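Hello,

Here is the structure I promised to pass on.

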Amino acid sequence: MDVNTLIFVVTCLSATSAFILENRPVYPTIPSTPPTCSKNGTIYNQGEGIPSDCFSTCSCQNGRISCIYQDCPPPNLSIVCVDSARPHCGCPYCPNGPNCGYGNLTIPYGQELRVDERTICSCLRGEISAICRPSGCMYQGKVYSEGIFYPSPCERCQCDSQYNMVNCSLNKCIIKPLLCVDAIVEPGTCCHVCPNGPNCFAGNKKITAGQDYNDGSQICRCPEPNPNLIFGRIRPQAVCKLVGPMAPPSTTNP
């Protein structure tokens, strides 16, 4: 087939195709119906709102129920509580401010509460449960309450339970000479006392101050009070003078 014949054939085919396309029958189009949604026996059309709870908004979209839910902001760490409330269609909130719980007790944020004799609880930022600690201090194997305490008659201490610290000082007795050699510390007291009154030693014998002791060879008496003599510590001896044949000769001129 030569070139001229080929061109003639192609031209005829193109003309025939154009004639067919221009003269084919036209059929009417049927519009498509958007899919519907069904809920609890009720049919909803495309885009139609569907009743829901107050925390969401729903509608029919392409045959499916589509909902948008209310988005509450995340809880602020400073607004956390154990007695939160939620109003109708609203986000939860703390009607009494931030607080913590301990058993059936509610502790406001930033406050401490003595929940029993030995326990103090506090509410810290962002916590739901209270943080608890002993309400006293440990000292010499014993737990003492907050404040001033006396572990012994001679000690005055103060407990700071927040830091578990104990500061103590010794009681100071009135500085004065003890006029006896048998001083004692009575139970429940701190300072020495003379239970038998002033006294001293004549040799190994204890004698009462103000009374002479005569053993036949000498007469003894307790010395006068002297602030430099503390009887209970240095066991002072009585002042004695010889009598009878042992007495030294008198130096008094007749």
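**Salt bridges and ring pairs**

Lysine 206 is partly exposed, with a relative accessible area of 39% (buried means under 20% relative accessible area, exposed over 50%, partly exposed in between, with a 1.4 Å probe and protein chains only). This is a predicted model, in which local features need pLDDT of at least 70 and side-chain atom pairs count only at pLDDT 80 or more, while totals for chains, interfaces and linings use all residues. Residues are numbered from 1 along each chain as its sequence is written, and side-chain values use heavy atoms, leaving out hydrogens and water.

Lysine 206 forms a salt bridge with aspartate 182, their closest N and O atoms being 2.9 Å apart (a salt bridge is a side-chain nitrogen of Lys or Arg within 4 Å of a carboxyl oxygen of Asp or Glu). Aspartate 182 is buried, at 15% relative accessible area. The count comes to 2 salt bridges; aspartate 212 and arginine 221 also meet in one, at 2.9 Å from N to O. Aspartate 212 is partly exposed at 49%, and arginine 221 is partly exposed at 35%.

There are also 3 aromatic pairs (rings of Phe, Tyr and Trp, the last by its six-membered ring, with centres within 6.5 Å; planes under 30 degrees apart count as stacked, over 60 as edge-to-face and the rest as tilted). Tyrosine 139 and phenylalanine 149 have ring centres 6.0 Å apart and planes at 65°, so they sit edge-to-face. Tyrosine 144 and phenylalanine 149 are stacked, because their centres are 4.0 Å apart and their planes at 15°. Ring pairs link Tyr139, Tyr144 and Phe149 into a cluster.

Best wishes
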